Amino acid sequence: MKVPFNDFTPMQRELEREMYAAFDRVYRRAWYIDGGERKAFEESFAAYCNAQYCVGVGNGLEAIRLILQGMDVGAGDEVIVPATTFIATALAVTYVGAVPVFVEVDPETYTIDCDKIGEKITERTKALIAVHLYGHPCDMDRICEIAKAHGLRVIEDAAQAHGALYKGRKVGSLGDAAAFSFYPGKNLGALGDAGAVTTNDKRLADRIRILANYGSDRKYHHIYQGTNSRLDELQAAFLRVKLPELDRWNAWRKRAAQRYCDAIRNSAVKLPETAAYADPVWHIFAIRTRQRDALEKWLCDAGINTTIHYPTAMHLQEAYADLKLPKGSLPLAEMIADEEISLPMYYGITDEQITYVADRINAWRPQETGEA
């Protein structure tokens with residue numbers, strides 16, 4: 001059996017007519033930037049996230065950068081960032097001239113360790129980015145309490161967590177602002193790069209919209225040195241078709257995750273944990289084992305495609321060598337980078353495929369005995 005890591009076919013087949021109709025609507029209207037599709041999607045997505053405002057932007061990285069810029073985070077400032085995340089989280093901090101300060105992650109959820117945040121806060125710390133990694137929410141109440149005590153702004157990096165719940169509340173309105181990516185492989189994906197910012201802060205939303213439009217509040221009038229980062233009409237139209245299906249697609253992922261957890265019974269493999277406060281959406285189903293490369297090859301030989309998120313811890317990336325954080329400085333993040341392997345997870349994955357993956361994992365034996 002062949003099991004792809006991701007497969008868009010099920011959703012494409014179900015929505016083909018609606019997606020072509022969305023394309024035709026935009027094409028015939030011949031209005032491709034800053035039009036009705038973008039406005040309609042922003043309203044719908046804000047409501048979905050229980051936020052008052054949504055600003056469509058070019059991609060997830062731009063969403064974080066524009067939030068930071070809108071908050072006046074810049075040169076000389078520091079921003080708290082979890083040590084396990086995609087590089088875009090840190091790059092956004094760098095792009096505004098600030099310094100990312102990496103904090104160790106929780107050993108069970110791999111989201112930022114709230115017990116470790118305080119020791120990294122200095123007089124230069126301006127904001128804290130909470131990454132809902134793999135679709136699992138951070139402990140937002142604790143994070144917001146810490147931030148409030150130190151006068152920090154809280155940014156949710158929700159690029160992997162569309163529809164995830166924290167204590168029954170959707171991510172996207174739990175901090176000062178949230179950044180979303182609609183990269184095609186996300187739980188809610190466009191057919192190209194796209195992103196959005198959600199917030200309950202009107203002033204911040206207005207400023208981000210202006211910054212993303214060349215710093216212009218009206219044509220040829222520029223009040224900031226802005227950039228070009230706008231959600232185009234075509235991607236907005238596609239996202240409008242997909243958004244009503246998101247909860248159903250997420251429910252499929254949740255069932256698939258539970259089936260994996262019920263079926264995988266190999267003591268050399270550590271299954272993902274879910275915090276009591278969280279209802280994750282399983283953008284990534286990440287397991288760990290000390291012999292990750294051997295398991296990866298074993299599964300590949302069986303026709304099962306996997307991916308590694310992320311093979312090099314952020315502080316050890318060459319791009320951040322200037323921070324001079326040596327190997328061993330963030331041991332848990334480094335361990336996750338060495339051991340993590342992501343199993344196939346997507347809307348439409350079948351029970352038969354999940355059983356096959358689990359059976360192959362259960363049949364695998366590490367060359368040396370040892371726990372995951």
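**Notebook: the sheet and its helices**

I began with helix 3 (residues 60-70), which lies across strand 1, strand 2, strand 4 (125-131), strand 5 (153-157), strand 8 (177-181) and strand 9 (195-199) and runs at about 160 degrees to strand 8. For my own reference, contact means heavy atoms within 4.5 Å. Axes are lines fitted to C-alpha atoms, for helices over the stretch in contact, with angles from 0 to 180 degrees between N-to-C directions. Helices (H or I, at least four residues) and strands (E, at least two) are DSSP runs, numbered from the N terminus.

Next I looked up helix 7 (residues 202-211), which packs on the sheet and touches strand 1, strand 5, strand 8 and strand 9. Its direction makes about 15 degrees with that of strand 1.

A note on provenance: this is a predicted model, where local features need pLDDT of at least 70 and side-chain atom pairs count only at pLDDT 80 or more, while totals for chains, interfaces and linings use all residues. Residues are numbered from 1 along each chain as its sequence is written, and side-chain values use heavy atoms, leaving out hydrogens and water.

I found it open, with seven strands in the order 1-9-8-5-4-2-3 and mixed pairing; two strands pair if DSSP finds at least two bridges between them. Strand 1 (53-57) and strand 3 (99-103) are at the edges with a single partner strand each, so one side of each has no neighbour in the sheet. From one strand to the next, the twist averages 25 degrees.

My last stop was helix 9 (residues 246-263) and helix 12 (residues 351-363), whose axes come within 9 Å and cross at roughly 30 degrees. The contact uses Ala256, Arg259, Tyr260 and Ala263 of helix 9 and Asp351, Ile354, Val357, Ala358 and Asn362 of helix 12.
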